[in-house]
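Load the model and keep the sequence beside it. The tour below goes from a backbone detail to the ligands and then to one helix.

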Amino acid sequence: MKSKTKNICCIGAGYVGGPTMAVIANKCKEIIVNVVDTNKERIDAWNDNNLKNLPIFEPGLDEIISVTRNKNLFFSTNVQENIAKADLIFISVNTPTKKKGLGAGKASDLKWVEICARQVSEFASGHTIVVEKSTLPVRTAEVIKQILVESQSKYSVDDVDKSFDILSNPEFLAEGSAIQDLLNPDRVLIGGDNKKAIDSLSEIYENWIPKEKILYTNLWSSELAKLTANAFLAQRISSINTISALCERTGANIIQVSKAIGLDHRIGNKFLNSGPGFGGSCFQKDILNLVYLSESLGLNEVSEYWNQVIEINTWQRQRISKLIIERLFGTVTGKKIGILGFSFKANTNDTRESSAIQICRDLQEEGAFLMIHDPKVNVKDIEYYLGSKKINYPQITSTTKLDGFWSFTNDLDKTFHYSDALVIITEWPEYSKIKWELVSKVMRRPGWIFDTRGIVNREEVKKNGLNLWVVGNGEL
Ligand code: NAD
Ligand code: UGA
């Protein structure tokens, strides 16, 4: 199928913009796709000849980049020129929770979206379809529309034909499975009120997605559906995590409970894995967005209801930190604790809102020395969260005071040696293959294994004389 769209510009080369545009470019060879970002370092990484240096790690992404980059997919910092050339623009910039001012701590910071809208209004030419790809508060399209409409009169002296349509097309990909999610989504959601614009965007997706999977709604339903989807997913995790604590006290096992309830097709078996609490850049931010929206509409019961999903998430992290300290005789000062995994889930290098951050800070605060391992995370990202108390492990001498310090290693074995405890925070596959017989020989006794993901072989750990705590497992 041919698409009317010839030239796409995506503003924002992040976890959504990069993979999404790579898949569009791969599936729509006749469309030129330009991904622009103001972050030069990120764009350079997208253009790096060595595909191992792409700025984000996503299984399958490097293969798609290798066949599309510099053919019909281009990464650049030239925002102005690429906006001007585009007939369809995706806004795919970050929308984090506001840190200060009105709505601080809850509302989304729309600074970057607003800058984009202004750039589009200034540099676009002819008719341009502007698509909200970022997750946005309900009625943000109105703000974008206002900026674009006002600009029409301001800039129309030079460009009499400048005009815009606005669509909402939220992204539902999950990190770690982004390429599969983009190739085979459960649905594509397009919100808007102009049929011609909707058809133009729909045609792009119809190149590889069956039409019956493309859903059309009004703008506001589309914006709200995205927030609601994330809130429902996060709610399931908080729900199962509350039950994990009950399992630990009653002799039940959360894996058995999850299986038993998930077989009821009205409940379903997805998103029932108990863990250290949900992380990632979006769940908390998007629920806070709902909380803020409900509050500002005077719907206090609604806002309190959703806020509780976040409260339980924080509680789950805190109870894990607390029980680690309690099992290590109430103090971790000067003890070495191996942290296995820092990304917020497996198969991504993303650390945003990872539960590892809170758990590591709690243990640091109590004086532990943390030896952190992660197969994909960049050590600079850990430094951003845990601060400057970083040391280079091999250079430690007997007089080095380790309380509250941390170190990073790519070598998993280094987390085992002389450790008092190991805490599995991310479910990286290599952690479920650890040879506990070897580990037990090099840990300090009594050695503790804290498995927040329920992935270790319980018999193997116990057989080798190590103490074990597994989330939601009351059988230990
Ligand atoms: P990100 O931080 O990885 O990427 C955003 C990029 O936009 C950054 O590289 C930033 O430099 C760039 N940017 C910001 N303002 C710009 C401007 N004016 N001009 C050019 N570049 C600009 O963010 P992300 O994870 O890709 O998320 C983007 C949006 O998608 C958010 O709203 C998020 O909620 C939503 N979302 C994210 C995911 C996910 O898995 N990460 C999934 C679905 C939806
Ligand atoms: C989530 C949604 O799944 C996507 O549909 C959505 O597009 C995206 O947010 C977004 O808007 O950003 P993501 O955060 O990338 O995707 O990853 P998830 O697989 O949803 O995991 C989120 C967190 O929940 C992770 O920390 C994960 O370990 C945790 N989780 C997930 C559990 O603890 N248990 C589960 O059963 C599932």
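In which loop is P446 found? P446 sits in the loop between α16 (436-442) and β13 (448-451). Helices (H or I, at least four residues) and strands (E, at least two) are DSSP runs, numbered from the N terminus. The peptide bond from R445 to P446 is cis, with omega near -5°.

Some ground rules come next. This is a predicted model, in which local features need pLDDT of at least 70 and side-chain atom pairs count only at pLDDT 80 or more, while totals for chains, interfaces and linings use all residues. Residues are numbered from 1 along each chain as its sequence is written, chains are lettered from A and ligands numbered from 1 in the order in which they are written, and side-chain values use heavy atoms, with hydrogens and water left out.

Two asparagines deserve a look. N70 is not a glycine, yet its phi is positive, about 60°. N70 belongs to the loop between α3 (61-68) and β3 (73-76). Its relative accessible area is 54%, so N70 is exposed. Here buried means under 20% relative accessible area, exposed over 50%, and partly exposed in between (1.4 Å probe, protein chains only). N347 also has a positive phi, about 70°, without being a glycine. The loop between β9 (336-340) and α13 (355-365) holds N347. At 31% relative accessibility, N347 is partly exposed.

Now turn to ligand 1. It has 27 residues around it, and D37, R42, T95, E175 and K285 come nearest. A residue counts as near when one of its heavy atoms lies within 4 Å. The shell divides into 9 nonpolar, 11 polar and 7 charged residues. In this scheme Ala, Val, Leu, Ile, Met, Phe, Trp, Tyr, Cys and Pro are nonpolar, Asp, Glu, Lys and Arg are charged, and the others, Gly among them, are polar. Helix α5 (residues 111-123) gives the most to this shell, with 4 residues. A side-chain N or O atom of T95 lies 2.6 Å from an oxygen atom of ligand 1. The protein covers 92% of the 840 Å² of accessible area that ligand 1 has on its own. These areas come from the Shrake-Rupley method with a 1.4 Å probe; for residues, only the protein chains shown count as cover.

Ligand 2 is surrounded by 19 residues, and the closest are F172, L173, E175, C282 and R453. Backbone atoms reach its oxygens. A backbone N or O atom of F172 is 2.7 Å from an oxygen atom of ligand 2. For F344, the corresponding distance is 2.8 Å. Alone, ligand 2 exposes 700 Å², and the protein buries 90% of that. Helix α9 (residues 219-250) gives the most to the shell of ligand 2, with 4 residues. That shell has 11 nonpolar, 3 polar and 5 charged residues.

Finish at helix α14 (residues 379-386), where I382, Y385 and L386 are buried. They lie on the same side of α14 because they cover an arc of only 85° around the axis. The arc is that of the directions from the helix axis to the C-beta atoms. An α-helix has 3.6 residues a turn, so residues three or four places apart point the same way. K380 and Y384 are exposed on the face turned away from the buried side of α14. The cover over the buried residues includes α13, β10 (369-373) and β11 (406-409). After α14 comes G387, with a positive phi near 80°.

Notes
Polar contact = N/O pair within 3.5 Å; in protein donor to acceptor, adjacent residues only side chain to side chain. Contact = heavy atoms within 4.5 Å.
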